[in-house]
Amino acid sequence: MRVTKGAKIAAGSALLALGVAACGGGGGSSSDGGNPRTATGTVYIRGCEPQTGFVPGNINETCGGTVNDFVYSKLVKYNPDTAAPELDQAASIDTTDNKVWTIKLKPGLKWSDGTPVTAKNYVDAWNYTAYSPNAQIGSSWFADVQGFDKVNTADPDGPDGPKEAPKPETDKLSGLEVVDDTTFKVTLNAPTAVFRTKLGYITFAALPDAFFKNPQGFAQNPVTNGPFKFVKWDHNSQIVVAANPDYAGAEKPKVKQIVYKMYKDDDAAYADLVSNNLDFTELIPPSALAGDKWKTDLGDRAIEGQQGVIQTVSFPLYDKEFGGNADFRKAISLAVDRKTITDKIFNKGRVPLDSWVSPIVEGYKAGSCGEFCTYDPTKAKDFLNKAKQEGYTPPKEFPIWYNGDSAHKEWVDAMANSINQALGSDAGFTVVGKSMPTFDEFRSVITEHKIKGMFRTGWQMDYPHIEDFLNPLVKTGASSNDGLYSNKALDEKLHEADVATDQNQSVSLYQQAEAMLAEDLPTIPLWSYGLQAGTSKWVTGVKVTPFGELDPLSIQIKAAA
Amino acid sequence: MGRYTIRRLLQLIPVLLGTTFLINYMVWQLPGDPFAGRCGQRPCPDSYVSAMRAQFGLDQPILVQYWQFLKNMLTGNLGVDFNQVPVAAQLGDAWPITIRLALLAVAIEAVIGISAGVLSGLKRGGFIDNVVTISTLFLLSLPVFVTGFLLQWLLGVQLQVITPTVSDEATITELLVPAFVLASLNMAFTARLTRTSIVENRRSDYVRTAIAKGLTNRRVVGVHLLRNSLIPVLTFLGTEVGSLMSGAIITEGIFNIHGIGGLLYRAITGQDYTIVVPIASLLVLVYLVSNLLVDLLYGVLDPRIRYE
């Protein structure tokens with residue numbers, strides 16, 4: 001009996017729910033003028049769980065980076081439209097030689113606990129991040145500052161060896177000097193023209209005195225100086241930030257609260273966006289990008305743009321078998337039909353790239369890879385023959401490695417097919433896509449220099465400047481030079497550009513350095529990432545930064561229609 | 001029965017020790033360094049990697065690490081994960097949600113599955129039987145993510161009867177649709193299992209005797225037939241509780257439910273053993289206990305089964 005009764009009730013209530021919803025649907029549209037967001041002034045945006053807390057010097061992933069950018073202001077900020085650096089907390093950043101920089105803060109800046117933002121806050125924060133026993137992820141960002149080697153010591157045999165890193169001589173960078181409450185001086189090891197642009201990166205944010213009393217607790221409950229201040233963090237579920245009433249910037253936040261709602265699955269976030277339960281996501285899932293479905297779903301709520309992320313494929317130049325020679329790498333690059341792949345697989349959501357630098361940054365020059373990054377099967381075959389004549393025999397099977405835990409399989413397979421077709425069956429080798437299960441494993445094999453084949457590399461800019469696409473990636477011994485490329489002439493050119501005192505001259509030197517890459521093709525540029533974002537019908541004015549993040553100052557709630 | 005229970009409980013100890021050791025060992029053997037991918041395309045600074053390894057004892061030999069783990073489990077101190085967030089608090093947040101979802105799913109499975117099975121088994125070859133056979137075939141051939149996305153799109157996006165995702169509170173009403181999705185596949189299994197069992201037992205001697213005694217149909221089916229036919233179904237549902245407790249990664253992902261499945265998934269991809277190992281160990285315990293309960297329930301259903 002009980003079962004039957006229960007079933008009746010369940011069926012009845014289901015019918016009732018449907019009926020109510022049907023009525024609600026009908027009646028809802030007429031009363032839609034009432035925007036549910038207006039009452040609370042709260043907007044909901046897609047988020048994910050940060051790996052580390054709110055300590056700017058200890059962050060380098062997007063989940064944490066995005067929400068930290070909401071709550072920390074830096075000396076410099078990047079224009080959300082043009083990516084050009086503009087003064088934010090700094091009143092002036094002066095230098096005559098690009099080596100000694102005098103930075104003056106705007107007066108009257110405050111932390112969310114009411115204490116003033118001082119030059120000392122910046123110097124303390126930078127010293128803390130650079131000091132190696134503090135084990136901050138961002139420490140290497142201060143390597144340019146004088147005295148870095150005295151505060152940051154390397155482990156003589158790496159983290160795997162039994163030896164421990166010696167204790168640094170001091171915990172203060174000698175290149176940092178507080179002049180007065182709002183002025184400090186930075187002395188670099190060598191002239192660095194791009195230093196001003198770098199200052200907008202999250203690692204260069206200041207920390208209040210409250211941090212140093214309890215760094216662990218602060219990471220979970222920070223005192224901040226940005227347009228928004230921290231309210232609460234429910235792990236794996238949401239982070240809430242509220243508009244900072246003391247924010248001194250010219251443009252004020254237009255919403256009272258932002259809820260950074262965590263999603264495990266982009267499809268779930270997208271479903272919430274389409275039904276207006278979520279106000280913003282910058283990750284439209286592949287299922288919605290297919291056939292431009294998202295544009296029909298969202299209409300004028302769709303946002304398209306560009307972001308400073310590029311996709312490349314690298315060669316292990318240290319490996320005789322899979323490193324190839326320059327002509328071989330050219331042949332591979334010529335055999336990739338970038339346009340068809342970006343059209344068919346990414347629905348034009350990515351743009352074919354013929355240089356090593358993202359098109360949206362300062363110093364970008366189209367065509368630096370030129371003919372070698374344009375699909376041409378005949379030329380590809382010629383270069384392959386040339387490569388063979390020079391004595392290089394490619395192995396029978398040439399893999400392209402990628403990490404299987406995100407969506408790379410499709411384009412890697414397409415690229416392999418494109419190469420195999422272009423080079424023909426008499427090429428003597430076939431290219432195949434191969435995956436490793438996780439990103440961790442993939443990166444371990446790459447950094448141990450044991451990878452056998454080409455491998456996927458991508459670069460997300462830290463700051464919008466050509467330098468960020470060259471120095472960390474192709475300089476001899478650079479931190480992310482995964483293929484161990486080394487070219488003396490290129491290194492010298494890069495150094496020349498680093499130390500040039502004139503901005504424009506420096507940029508043109510970087511461009512000359514980039515052009516040199518076309519001789520060796522240590523990595524093959526593929527495409528630059530587009531940006532696909534969407535908003536709910538409750539908000540308006542939303543801008544997305546070139547970093548692919550929401551500009552928190554732009555979002556505002558629609559007035560009742 | 002009491003001695004049997006105690007003996008079974010004592011058996012849990014070596015099983016738990018063995019499995020937790022294996023779990024620890026396997027996590028330790030995973031290729032790749034958990035801190036290699038943490039800094040993206042850039043390598044992490046050595047000082048950071050060393051400090052993290054020291055904090056989590058990754059530089060210790062495996063036996064020392066296992067001892068440390070046992071000590072922490074027994075004292076209930078699970079420490080922090082690689083993100084420096086307390087593990088116990090995260091489990092405390094996620095587990096109640098998963099338990100609610102799992103119990104709801106098993107309840108849906110049992111109610112719908114068993115009643116459909118009984119109805120079709122009693123009238124073999126009849127209309128209801130055909131309907132159940134076809135609809136279960138349909139459910140069996142649909143993967144969970146298809147059912148999930150379909151219902152989310154239909155009820156959430158098109159009809160707007162439900163919100164497409166579940167809020168952080170994850171109330172029972174919000175969990176109804178996800179639980180139904182989760183239950184859909186096994187509901188079909190349960191129905192078919194019950195049906196076969198009923199069909200088989202309907203022809204057995206004791207049922208004929210009961211009918212011959214002149215008992216009402218309800219008593220024959222409800223007491224004599226059902227009790228005997230439910231034993232295999234119960235075994236199935238018992239293990240089901242265990243596997244649903246480990247979280248339903250796909251369903252939780254589709255409806256954005258912050259349960260154990262998502263936590264486990266994130267921890268596995270990040271090689272965060274501080275979360276993987278306690279969850280896996282607790283799951284072993286859940287499995288063992290639910291199996292024990294199922295074994296004990298046999299005796300209730302069928303008094304002929306005795307425990308020595």
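Modeller: This is a predicted model. Among contacts in chain A between residues at least 6 apart in sequence, 68% join residues at least 24 apart.

Colleague: How many helices and strands does chain A have?
Modeller: Chain A has 20 helices and 19 strands.

Colleague: And what share of the residues in chain A is buried?
Modeller: Buried residues account for 50% of the 561 in chain A.

Colleague: What radius of gyration does chain A have, and what would a compact globule have?
Modeller: The value for chain A is 26 Å. A compact globule with 561 residues would be near 24 Å, so the two agree. Along the principal axes, the C-alpha atoms of chain A fill a box of roughly 80 × 65 × 45 Å.

Colleague: Which domains does the assignment give for chain A?
Modeller: Domain 1 covers 70–223 and domain 2 covers 306–530. Their centres, taken over C-alpha atoms, are separated by 33 Å. In the contact between them, domain 1 of chain A supplies 14 residues and domain 2 of chain A supplies 14 residues.

Colleague: What classes of residue are on the domain 1 side?
Modeller: On the side of domain 1 of chain A that touches domain 2 of chain A, seven residues are nonpolar, five are polar and two are charged.

Colleague: Switching to the other chain. How many residues of chain B are in contact with chain A?
Modeller: On chain B there are 47, in contact with 50 residues of chain A. The elements of chain B that give two or more residues to that side are α2 (46–55), α4 (87–122), α6 (144–158), α10 (249–254) and α11 (260–269).

Colleague: Which of them gives the largest share?
Modeller: That is α2(B), with seven residues. By class, the side of chain B that touches chain A has 19 nonpolar, 21 polar and seven charged residues.

Colleague: Pick a residue in α11 of chain B for me.
Modeller: B:T269 is in that helix. Leaving out residues up to four places away in sequence, B:T269 touches A:D405 and A:T438.

Colleague: Why does B:T269 count as partly exposed?
Modeller: Because B:T269 has 15 C-beta neighbours inside 10 Å. A residue needs 20 or more to be buried, and 12 or fewer to be exposed.

Colleague: Last one. How far is B:T269 from B:V220?
Modeller: Their C-alpha atoms are separated by 53 Å, and the two residues are 49 apart along the chain.

Notes: Residues numbered from 1 in each chain as written. Chains lettered and ligands numbered in written order. Predicted model: local features only at pLDDT ≥ 70, side-chain atom pairs only at ≥ 80, totals over all residues. Helix = DSSP H or I, 4+ residues; strand = E, 2+ residues; numbered from the N terminus. Rg over C-alpha atoms; globule rule 2.2 N^0.38 Å. Contact = placed C-beta atoms within 7 Å. Nonpolar A, V, L, I, M, F, W, Y, C, P; charged D, E, K, R; others polar. Domains from an automatic or database assignment.
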